[in-house]
Amino acid sequence: MTVQKTERPPSGPTEVQTPGGGPRPEGPRKSRGRLAGLTPYLLLAPAIIGTLLLLGWPLVNNGILSFQNLNMRQFILHLTEWNGFDNYKDVLTGEDFWRVVGRSVVFTAVNVVLIMILGMLVGLLLARLGRKMRTFLMIGLVLAWAMPVVASTTVYQWLFAQRFGVVNWVLAKIGFESMADHDWLATQYSTFFVVLLLIVWQSIPFVAINLYAATTTIPKELYEAASLDGAGAWKQFTQVTLPYLRPFLYATTFLEIIWVFKAFVQVFTLNEGGPDRLTEILPVYAYIEGMGNQHFGMGAAIAMLTIVILLAITSYYLRIVLKQEEDEL
């Protein structure tokens, strides 16, 4: 009895033969692979085009305007007077600009610190509450977050009004009779106090909801292990919760710095940078110099410098974050 040997087919890919005996051309397969490689770029194209049109083009126009001497006369007569870097020179050599820069940095720092502390506390509270109370608090946070900025600023104007404001009425009822007709917008610090309350109130929902969502990703086994090791609430927070929340805290702080630094609507709507322009921050300062005083080229130069300062602050913050992340690895 003889066993007939059969040859094993080759392990590599076989060539597909055409009816004429030649190999099948690879053109359609390569074109499909090339199209698959371009798919991510095609999907990103609408967003990139929209960003360039809505943000890039106005930014370019603003940069061009910052090199012109443009006031109402040139605007009406359609004259273009180029003055080079004179607008930037006038802004950078003036004391008002640097005073506003320092005020804007301090204003942003105080707001962001309060927003992050209070927002983190509310986020941790959401994680501790029961389902019904958490839902009730979440609805309140979302409603506060969804309220338009101009509408909420108008409400704060009513609350802190001098004659018929609710705040003055409550303070007078509980024993502070001297506050019955107090003008909260008459001085620099009291105006900033009202603006600070408004911005912190508007920003807490975003931070709280973001951090609460981050707490849901922490494995519960870590808390059980920490409690078995005798760790109290503070130890569990510093050893378990905070390390997991740190990336979310970095990202949220970065977004809040950008949002607070360019808080134009709240400051301008509340008191237009007053009294005596003592509460102007950089966006308000650029608007008043450009539109209010009709020095459009000067306002454009201040706006461009504001962008540069904001990029410098955020890049410095990102460098600190990346360095800390490298140290942890």
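Start at the largest pocket, which has a volume of about 480 Å³. A pocket here is found on a 1 Å grid over the protein atoms alone: an open set of points where a 1.4 Å probe fits, with protein on both sides within 12 Å along at least five of seven lines. Grid points are joined across faces, edges and corners, and the volume is the space filled by probe spheres set on them.

Now select Ala127, Arg128, Thr215, Lys220 and Tyr223: among the 14 residues that line this pocket, they are the closest to its centre. A lining residue has an atom within 4 Å of a point. Next, colour H4, H8, helix H9 (220-228) and H10, because each of them supplies at least two residues of the lining. Helices in this tour are DSSP runs (H or I, at least four residues), numbered from the N terminus. H10 gives the largest share of the lining, four residues.

Before you click on, know that this is a predicted model, in which local features need pLDDT of at least 70 and side-chain atom pairs count only at pLDDT 80 or more, while totals for chains, interfaces and linings use all residues. Residues are numbered from 1 along each chain as its sequence is written, and side-chain values use heavy atoms, with hydrogens and water left out.

**Next stop: the nonpolar cores**

Select Phe107 and Ile199. These two have the most contacts inside the largest nonpolar core, which has 42 residues. Such a core is a set of buried Ala, Val, Leu, Ile, Met, Phe, Trp, Tyr and Cys residues joined through side-chain atoms within 4.5 Å. Buried means under 20% relative accessible area, exposed means over 50%, and partly exposed is in between (1.4 Å probe, protein chains only).

Which elements give two or more residues to this core? They are H4, helix H8 (188-215), H10, H11, helix H12 (282-292) and H13. H8 brings the largest share, 14 residues.

Stay on Phe107 and show what surrounds it. Apart from neighbours within four places in sequence, Phe107 is in contact (heavy atoms within 4.5 Å) with Phe192, Val195, Ile199, Val260, Val267 and Ile281. Then pick out Phe261, Tyr285, Met298 and Leu310, which are included in a second, separate core of 16 residues.

**Next stop: the rings**

Show the aromatic side chains. The structure holds 15 aromatic pairs. Rings of Phe, Tyr and Trp (its six-membered ring) pair if their centres lie within 6.5 Å; planes under 30 degrees apart count as stacked, over 60 as edge-to-face and the rest as tilted.

Zoom in on Phe254 and Tyr317. Their ring centres are 6.4 Å apart and their planes are at 10 degrees, so this pair is stacked. Phe254 sits in helix H10 (residues 233-261) and Tyr317 in helix H13 (residues 296-328), so the pair ties together parts that are 63 residues apart in sequence. Phe254 is partly exposed at 22%, while Tyr317 is buried at 15%.

Now hop to Phe264 and Phe268, another stacked pair, with 5.2 Å from centre to centre and 15 degrees between the planes. Both are in helix H11 (residues 264-271), four residues apart, or about one turn of the helix. Phe264 is partly exposed, at 24%.

**Next stop: the charges**

Side chains of opposite charge can pair when their charged atoms come close. A salt bridge here is a side-chain nitrogen of Lys or Arg within 4 Å of a carboxyl oxygen of Asp or Glu. The whole structure has five of them.

Select Glu95, Asp96 and Arg99, which are linked in a network of salt bridges. Arg99 meets Glu95 at 3.6 Å, N to O, and its closest N and O atoms with Asp96 are 2.8 Å apart. Glu95 and Arg99 are four residues apart in helix H4 (residues 95-128), about one turn of the helix. Is Glu95 buried or exposed? Glu95 is exposed, at 62%, whereas Arg99 is partly exposed at 44% and Asp96 partly exposed at 45%.

Then jump to Arg277 and Glu280, whose salt bridge has its closest N and O atoms 2.4 Å apart. Arg277 is partly exposed at 34%, but Glu280 is buried at 2%.

**Last stop: Thr153**

Find Thr153 in helix H6 (residues 149-159). Thr153 is buried, with 0% relative accessibility. Leaving out residues up to four places away in sequence, Thr153 touches Leu198, Gln266, Thr269 and Leu270.
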